[in-house]
Amino acid sequence: MGKVQVCSERGSSLINEDAFILNEKAQIYGVVDGATSVSPYQNAKGETGGYIASQLLATFFQQASKTQSLRDIVLEANQALRSAMVEAGVDVSQKADLWCAAFIIVRINETNIEYIQAGDCMLFAKYEDNTIRVMTHSQVAHLDRMTLKKAMDLRKQGKTSRDHLLPTLRANRTKANTLSGYSVLNGEPPFADFLEAGIFNRACLSKLYLISDGLFSPTESAEEKINWEQMIDQMDKKGLSSYTKELIATEEADPDCIRYPRLKRSDDKTGIIIDLP
């Protein structure tokens, strides 16, 4: 394996709900984005539901063997998450209260790459001719755009409290693992039907990029689409750590989310860039 860059930085929340996986023995690498809870939850250690979900999934893959199926590991972790919520007294019949995590996880084999994904964590592949291939879809983008527009409308009315946005956020959570929504690890059995997975060969492949949505380059409107190629180019030119630090500085310079509309000042940021030999 070639050079591996890893970066994980806390956003404006009190705890970094992201996690990463570096299982070199099994050649499994991943980024996991724990979702900030709509209904507040903290255990005795101060850990949120999103943190617990991301750490649980990361632990399952950190301990995985080369021969285990990525899908089987994810589904085992999903069941373990449900059991943990039940044990903690969470009403698992209420979607908005479930602990959640998005993720992108890959396994690097001799001739191909396997991947499995949920939510809005993204995978990009770069080839020797510098072609960038977008391997995944940001499944939450349609809801994020709608929520961001709602937040901007509320702001114009002077309603800046997150409480004003809660009905929209809770409604979004009810769409998890449904045909009108997105896939996410949240302990629900239907999650198994909405997982995305695939395999592609390593011919002329030079790099892999696994990133959580906190590393997405900022846009100046809710409708503007992210230029993925430009974002990857900046990561390559600056290095993942410097790219992340500059992105945080940009967000800190726009604390009220005016120039770059977003739902919080700064989201947790985790990424892995892998150079392939």
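Here is a walk through this predicted model, strand by strand and helix by helix.

Residues are numbered from 1 along each chain as its sequence is written, and side-chain values use heavy atoms, with hydrogens and water left out. Since this is a prediction, local features need pLDDT of at least 70 and side-chain atom pairs count only at pLDDT 80 or more, while totals for chains, interfaces and linings use all residues.

Let's start with the open sheet. Five strands make it up, in the order β2-β3-β4-β5-β8, with antiparallel pairing. Strands here are DSSP runs of E with at least two residues, helices are runs of H or I with at least four, and both are numbered from the N terminus. Two strands pair if DSSP finds at least two bridges between them. At the edges stand β2 (18-23) and β8 (196-201), each with a single partner strand, so one side of each has no neighbour in the sheet. From one strand to the next, the twist averages 10 degrees; axes are lines fitted to C-alpha atoms (for helices, over the stretch in contact), and angles run from 0 to 180 degrees between N-to-C directions. Look at β2 and β3 (residues 28-34): they pair in the antiparallel sense over six bridges, and D18 stands opposite D33 in β3.

Two helices pack on this sheet. Helix α1 (residues 49-62) touches β2, β3 and β4 (101-108), and its direction makes about 5 degrees with that of β2. Contact means heavy atoms within 4.5 Å. Helix α2 (residues 70-87) touches β3, β4 and β5 (112-118), and its direction makes about 25 degrees with that of β5.

Now find strand β9 (residues 205-211). Seven of its seven residues are buried, so the rest of the structure largely encloses it. Buried means under 20% relative accessible area, exposed means over 50%, and partly exposed lies in between (1.4 Å probe, protein chains only). Strand β6 (residues 122-127) pairs with β9 in the antiparallel sense over six bridges, with K126 opposite K207. Strand β10 (residues 269-275) runs antiparallel to β9 and is joined to it by five bridges. K207 turns up again here, standing opposite D275 in β10, while L208 has I274 as its bridge partner.

Leaving aside residues up to four places away in sequence, S206 touches K126, Y127, E128, I274, D275 and L276.

Follow the bridges onward to β10. Seven of its seven residues are buried. Both faces are covered, with K269, G271, I273 and D275 on one side and T270, I272 and I274 on the other. Strand β1 (residues 4-9) is joined to β10 by six bridges and runs antiparallel to it; Q5 has I273 as its bridge partner.

Next comes helix α3 (residues 141-156). Its 16 residues reach 23 Å from the first C-alpha to the last, close to the 22 Å expected at 1.5 Å a residue; that expected span is 1.5 Å times one less than the number of residues. L143, T147, L148, A151 and L154 are buried in α3. Seen down the axis, these buried residues fall within an arc of 130 degrees, so they line one face of the helix. The arc is that of the directions from the helix axis to the C-beta atoms. What covers them includes α4 (162-173). Just after α3, G158 takes a positive phi of about 80 degrees.

Most residues other than glycine have a negative phi. Yet C204 has a positive phi, near 65 degrees, and C257 has one of about 60 degrees. C204 lies in the loop between β8 and β9, whereas C257 is found in the loop between α6 (240-252) and β10. Are they buried or exposed? C204 is partly exposed, with a relative accessible area of 48%, but C257 is buried, at 7%.
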